[in-house]
Amino acid sequence: MTAQARTSVPAARGPMAEAWDIFRRSPAAMLGLLLLTLVVLMTFAGPFLYHVDPFEIVWAPLSPPGDDPTIPLGTDNLGRDILAGLIAGGRATLAVGFAAALITMVIGVVIGAYAGFYGGWVDDLLMRVTEFFQVLPPLLFAMVVVTLFQPTLMNVALAIGIVSWPQTARLTRAEFRRIRTLEYVSAMRAIGAGDGNIIWRVILPNALPPLIVSATLTIGMAILFEAGLSFLGLSDPNVMSWGLMIGSGREYLLDAWWVVTLPGVMIFLTVLGVSLVGDGLNDAFNPRLRER
Amino acid sequence: MKLTPIFSRRTLLGGVAALIVLACSSPLFAQEEPQRGGTLVMASTQKPRHLNAAVQSGIATAVPAAQIFATLLRYGEDFTPQPYLAESWEFSPDNKVLTLKLRQGATFHDGKPITSEDVIWSLNVVKDNHPFSSMLEPVEAFEAPDPQTVVIRMKTPHPAILLALSSALTPILPKHVFDDGQDIKSNPKNNLPVGSGPFKVTKFEPGQYIVLERYDGFFLEGKPYLDSIVIRQYQDANSAVLAMESGEAQLYPLLDSTRLIRRLEKAQGMGLTDKGYAGIGPINWLAFNTKNPALSDVRVRQAIGYAIDRNFVTKALHAGLSKPAIEPVVESSPFFTEDVARYDFDLDKAKALLTEAGYGDGGKKLELQIDYIPDIEEQQRAVAEYVKAALAKIGITVSVRASPDFPTWAQRISNYDFDMTMDQVFNWGDPVIGVNRTYLCSNIREGIIWSNTQQYCNENVDKLLNEAGVEADQARRKDLYAQAFKQITDDIPIHYINEVPYHTVYNQAVQNPPISIWGPMGPMDEVWLKQ
């Protein structure tokens, strides 16, 4: 159906290229992208350049950075290499962030889409469920979930996803309510398209831009959440993550600043990067700002 | 003691020197005239449910209960019993009958006299209800031939009886108050009990504070020195230490965080001691589930023992403040012996044993899980993480399993749902009370924490431990325990890591801080505050 519409557009530039143009012109957004790229590079290329097991005890505990040239960032309270921990921890932390964002999107979009599209009692029911989850204090609720099950990386991601989907659901619902009254949706209905078709193939693609922005910000939030849970001792002790490093090092903050500060800085930079990229995407996708 | 020469010089040099001595050395003399009065605020992170130590074990209840209740005997800094409520005692020649003479004129906090009737009633309550059933298990009968005499008849000699009659283990309760037909374990009077000790409890807000006030009719003339003791409960060691630093509290026992101990060492006006914990005898250890297919092989357990470097734990993880532990009892126990299998760090031996058992290089892959008691950072979690790293070096993959809270951990361990676990277990003064429970075949009791959860069973060990329990001769008893400990360490159902570095912190105004074998679990009638 849209094939004909596409060929009739003469301009070679699609909406994505246009968005990229706007994104590119924002220094803040580009800085965010740079930060993210560096973090991803470090965590994925790092293990090939610096192979030290993050759980291995390599040196005296709590040696400061630079104490020994082979251990540039010092050691933690057990004598484990901080740099190796940062590299390995980045992978786990990013994985939790992305997994949690994915879970949030899946739950939030499905519930929001049905509520927004059908309205009526379906909307009422789904929104009451959403509100129920919304009024629970997120950190406490996540703690309960992680405590009930084992604190494994997957469960932590699941817990974060479960507590953060209501926002996405509400956003999706609002978009669906707006779009379902538009003429092209009525046109699809007129030619006999089924509900599923309209929801997933017509409305969803048009509702995506704000959802992508929201998903990006969710990644940042999930990383902070993971760090918060770890600080309370609720992280997977068998997978090195930045949160775990902070959680097990916090007791030593006064004696050895680097144990907690370095993973903390990494979390700060990553979340900053994610937020800047999210803001950039928001500007790029928001038509009202395009004339800037 | 070092200052004695100055004393002699004073007599020679006269007034000037005397002034200097008075000005600068007075706090160092132990034998100063005690001052009366004042309120001692004791910081605590322990939260007792009630205050009746006759039916409840554990430090939380024992610390206040030792102030509220007197016991028949008490201990000083060594394992020699001293008179307390009983002024004298003697064993029959066959060591099966112990006769104790009670002090004249002793009264409960309601003014009624403490008689032998109360004593035997209390001992029966302990025998029937206290979790440490082995304490009074060999007792056949408690008898009260006259109001000042108590006779304890035993089926066999039972040398642990003297220790069991001390401190907070067998408090003397007023029969006329507690014998009211209610179940003693849930009696509401356990919250504000009428006691027999140096202090009476006047307020108890669970989770907040306990107020103890001087009992003027206490049977030891002139004691206690303090007007009152307030036990204030803090959320964690950090806030308790802050309270000590700000002067809000003057005494804080049972501190085990080496980081905080090191910090307090530098603090002004603060004293620190590791004395007072010989009775508790706290050991931090790694326990094996001997029914695990891999861990049922003694060579695998020995390999793990050799792969763990106790020095790393005590020196690096615990800042040099904890002592290595090598056997079922702590070094300060009278039954400590050097002649045991120590498993000093030796990676080559560890690898060889593992290969012999069919694991390690070229053999089967070994994967194990380790648990630990939650919320005990340095002693438990950090050591569990170290064990993971240490065993990786001999090719054992260890995953650390976190428990969200103590009951979850206790449930897993006591139902044998574990491979290895870090644990902390107390000696409680005599092996019969605190050691046997971990090793006797008969104490493999599912669902009960701190029983023989390793499911270790060696009949020879059982025989030795049981013989030692009824051996009245101290030297022969010590020898039997030495044999038992040798066998146990050879079999290594438990790998001992370190003694918990409990310290007592006190403000310099606090004189005679509690350093008997029971430390804070002993009566504080001799503690006084210097104004």
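Q: Which residues is B:Thr71 in contact with, leaving aside its neighbours within four places in sequence?
A: B:Thr71 is in contact with B:Tyr84, B:Leu85, B:Leu165, B:Ser166, B:Ser167, B:Thr170, B:Pro171 and B:Ile172, once neighbours within four places in sequence are left aside. Being in contact means that the two C-beta atoms, placed from the backbone, lie within 7 Å. A word on the ground rules: this is a predicted model, in which local features need pLDDT of at least 70, side-chain atom pairs count only at pLDDT 80 or more, and totals for chains, interfaces and linings use all residues. Residues are numbered from 1 along each chain as its sequence is written, while chains are lettered from A and ligands numbered from 1 in the order in which they are written.

Q: Why is B:Thr71 called buried?
A: A residue is buried if 20 or more other C-beta atoms lie within 10 Å of its own, exposed if 12 or fewer, and partly exposed in between, with C-beta atoms placed from the backbone. B:Thr71 has 28 other C-beta atoms within 10 Å, so it is buried. Its place is the loop between α3 (59–68) and β2 (73–75) of chain B; helices (H or I, at least four residues) and strands (E, at least two) are DSSP runs, numbered from the N terminus.

Q: B:Gln455 and B:Ile492: why is B:Gln455 partly exposed, and why is B:Ile492 buried?
A: B:Gln455 has 17 C-beta neighbours inside 10 Å and therefore counts as partly exposed. B:Ile492 has 24 other C-beta atoms within 10 Å, so it is buried. B:Gln455 lies in the loop between α15 (436–439) and α16 (459–469) of chain B, and B:Ile492 in the loop between α17 (474–491) and β18 (494–499) of chain B.

Q: What span would a straight helix of 37 residues have, and what does helix α9 of chain A span?
A: The expected span is 1.5 Å times one less than the number of residues. A straight helix of 37 residues would span 54 Å, but α9 (residues 195–231) of chain A spans only 46 Å between its end C-alpha atoms. There is also a kink of about 55° at A:Leu204, shortly before the proline A:Pro205. That bend is the angle between axes fitted to the seven residues ending at a residue and the seven starting there.

Q: What joins strand β4 of chain B to strand β5 of chain B?
A: Strands pair if DSSP finds at least two bridges between them. Five bridges join β4 (residues 86–91) to β5 (residues 97–102) of chain B, and the two run antiparallel. B:Trp89 stands opposite B:Leu100 in β5(B). The hairpin has five residues between the strands, and B:Asn95 there takes a positive phi near 65°.

Q: Where is the cis peptide bond, and what is its omega?
A: The cis bond joins B:Lys223 and B:Pro224, with omega about -5°. B:Pro224 sits in the loop between β9 (209–214) and β10 (228–233) of chain B.

Q: How many residues of chain B are in contact with chain A?
A: There are 14 residues of chain B in contact with 15 residues of chain A. The largest share of the side of chain B that touches chain A comes from α12(B), with seven residues.
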